Amino acid sequence: MLSTIKDIAAKLAPRLIEIRRHIHSHPELSGQEYQTAAYVAGVLSSCGLHVQELVGKTGVVAELAGSGEDARLLAVRTDMDALPIHERTDLDFKSRSLGIMHACGHDVHTTVGLGTAMVLAQMGVLLPGTVRFLFQPAEETAQGASWMIRDGVMEDVTSIFGVHVFPTIPGGSVGIRYGALTAAADDLELMITGESGHGARPHEAIDAIWIASQVITALQQAISRTQNPLRPVVLTIGQIQGGRAPNVIADQVRMLGTVRSLHPETSANLPEWIEHIVASICATYGAKYTLNYRRGVPSVQNDPGLTQIMEAAASEAWGGDRVQILLEPSLGAEDFSLYLDHAPGTMFRLGVGNPDRPNYPLHHPQFLVDEAAIVTGVVTMAYAVYKYWSTP
Ligand code: NI
């Protein structure tokens with residue numbers, strides 16, 4: 001079966017590259033993937049799949065029906081949105097939309113999803129169970145997965161597979177990660193209110209800027225002294241505003257930040273832990289505060305059994321030396337984790353690096369993809385789907 005999958009994928013390769021280049025040159029921002037969704041739906045319909053559009057706002061869902069022998073339902077999820085970045089590559093199929101670019105490889109993900117559907121549809125054998133393909137919008141804003149879930153895409157799903165490109169892994173190779181793949185990412189908004197006064201008379205005022213600096217310092221130090229160092233926490237205050245004049249003590253400071261963590265227990269305790277530190281410093285110096293801690297996406301935790309299937313599929317397809325077992329997770333975030341609240345899943349990393357040129361990171365205006373990765377991704381995903389049914 002592997003050789004059939006490889007043959008079909010190899011024949012489809014020129015078409016898949018054409019699809020990827022079309023999507024790359026027509027990028028759309030999160031929640032506005034209208035043309036991309038219509039294009040995806042067109043390709044899927046032409047393979048004979050049952051397609052539903054406008055799921056999760058601009059998402060697309062397609063099902064490849066199985067024989068019904070196996071009641072399990074496997075979902076394959078890819079994402080379709082691009083970023084507000086002005087592309088600075090010299091590709092002849094570069095973005096035609098000013099200020100919008102597929103700089104996170106979602107054009108490749110969508111193509112891998114489509115290629116997997118095309119290969120499985122052409123295999124000429126019914127799979128024992130049904131595969132549901134999810135083409136999700138708005139991953140970059142961490143909204144799309146929840147829109148899709150709200151529209152019921154996880155109903156009856158037993159397991160879910162996902163993929164993300166990675167420029168530090170060479171094209172043609174695959175990265176497999178057991179356990180945490182990405183971090184939980186939450187947002188923090190903190191307002192500290194003191195009392196204004198003359199810059200020369202601090203004792204008659206409550207200096208919100210100084211108290212804010214105490215809070216930031218205390219939070220960073222408390223991470224190193226009160227959080228388990230084997231369970232990382234990153235807290236970044238990325239924006240801070242306060243004060244009106246050099247000689248006036250500021251009465252208000254507003255801070256915005258992001259909080260990353262990997263371990264679910266750590267994540268659960270963070271809001272209380274942060275509030276405790278903020279409250280005690282503000283109380284000491286007589287300031288008031290409002291803290292708004294917004295949960296973002298949880299950490300992606302790859303299921304061991306499904307990750308084993310993915311690893312076995314990749315190793316059989318490409319040989320062990322083209323499969324990297326990733327020893328470290330990323331502190332980036334991925335809303336694939338929201339699906340994992342409904343069913344276990346695994347996401348693999350698809351290498352898109354090329355040793356013969358600079359490999360810019362994800363979200364870089366010169367981000368490039370080794371297109372050989374597309375067939376690698378399609379074969380790995382399609383064969384993992386096939387193997388899923390033979391694993392109890
Ligand atoms: Ni991405």
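This is a guided tour of the model, one selection at a time.

**Before selecting anything**

The model is predicted: local features are reported only at pLDDT of at least 70, side-chain atom pairs count only at pLDDT 80 or more, and totals for chains, interfaces and linings use all residues. Residues are numbered from 1 along each chain as its sequence is written, and side-chain values use heavy atoms, with hydrogens and water left out.

**Whole protein**

Along the principal axes, the C-alpha atoms fill a box of roughly 80 × 45 × 40 Å.

Colour by accessibility next. Of the 392 residues in the protein, 53% are buried. Here buried means under 20% relative accessible area, exposed means over 50%, and partly exposed lies in between, with a 1.4 Å probe and protein chains only. Among contacts with a separation of 6 or more, 81% are between residues 24 or more positions apart, a contact being heavy atoms within 4.5 Å.

**The nickel ion**

Which atoms coordinate the nickel ion? They are SG of C104, NE2 of H106 and NE2 of H164, at 2.2 to 2.3 Å. Donors are N, O and S atoms within 2.8 Å of the metal (3.2 Å for Na, K and Ca); water is not among the atoms, so sites may look incomplete. The donor residues follow the spacing C-x1-H-x57-H in sequence. Because H106 lies in helix α3 (residues 106–122) and H164 in strand β5 (residues 159–170), this pair ties together parts that are 58 residues apart in sequence.

Now check the accessibility of each donor residue:

- C104 is at 6% relative accessibility, so it counts as buried.
- H106 is at 0%, so it counts as buried.
- H164 is at 7%, so it counts as buried.

**H109 and helix α3**

Move to H109, which is also placed in helix α3. H109 is buried, with a relative accessible area of 0%. Display its side chain with that of D79: a polar contact of 2.7 Å joins the two. A polar contact is a pair of N or O atoms within 3.5 Å; within protein, one must be able to donate a hydrogen and the other to accept it, and residues adjacent in sequence count only if both atoms are side-chain atoms. Leaving aside residues up to four places away in sequence, H109 touches T78, D79, C104, V163, H164 and V165. Two of the nickel donor residues, C104 and H164, are therefore on that list.

From first C-alpha to last, the 17 residues of α3 reach 24 Å, close to the 24 Å expected at 1.5 Å a residue; the expected span is 1.5 Å times one less than the number of residues. The helix is mostly covered, with 15 of its 17 residues buried. Just after α3, look at G124, which takes a positive phi of about 80°.

**Helix α2**

Select residues 34–46, helix α2. Its 13 residues should span 18 Å at 1.5 Å a residue, and the end C-alpha atoms are 18 Å apart, which agrees. Highlight T36, A37, Y39, V40, A41, V43 and L44, the buried residues of α2. These pack against α1 (2–25), β1, β2, α3 and β4 (130–136). G48 follows α2 and has a positive phi, near 85°.

**Strand β8 and its partners**

Select residues 184–193, strand β8. Two strands pair if DSSP finds at least two bridges between them. Strand β8 runs antiparallel to β12 (residues 252–261), joined by ten bridges, and A185 stands opposite R260 in β12. Eight bridges join β8 to β13 (residues 288–297), again antiparallel; here M191 stands opposite T290.

Select K57, in the loop between β1 (50–55) and β2 (59–64). K57 is not a glycine, yet its phi is positive, about 65°. With a relative accessible area of 48%, K57 is partly exposed.

Then go to H363, in the loop between β16 (345–353) and α9 (372–389). H363 has a positive phi of about 70° and is not a glycine. Its relative accessible area is 38%, which means partly exposed.

End at C282, which is buried at 1%. The structure holds zero disulfides, a disulfide being a pair of cysteine sulfur atoms within 2.5 Å.

Technical notes
Helices (H or I, at least four residues) and strands (E, at least two) are DSSP runs, numbered from the N terminus.
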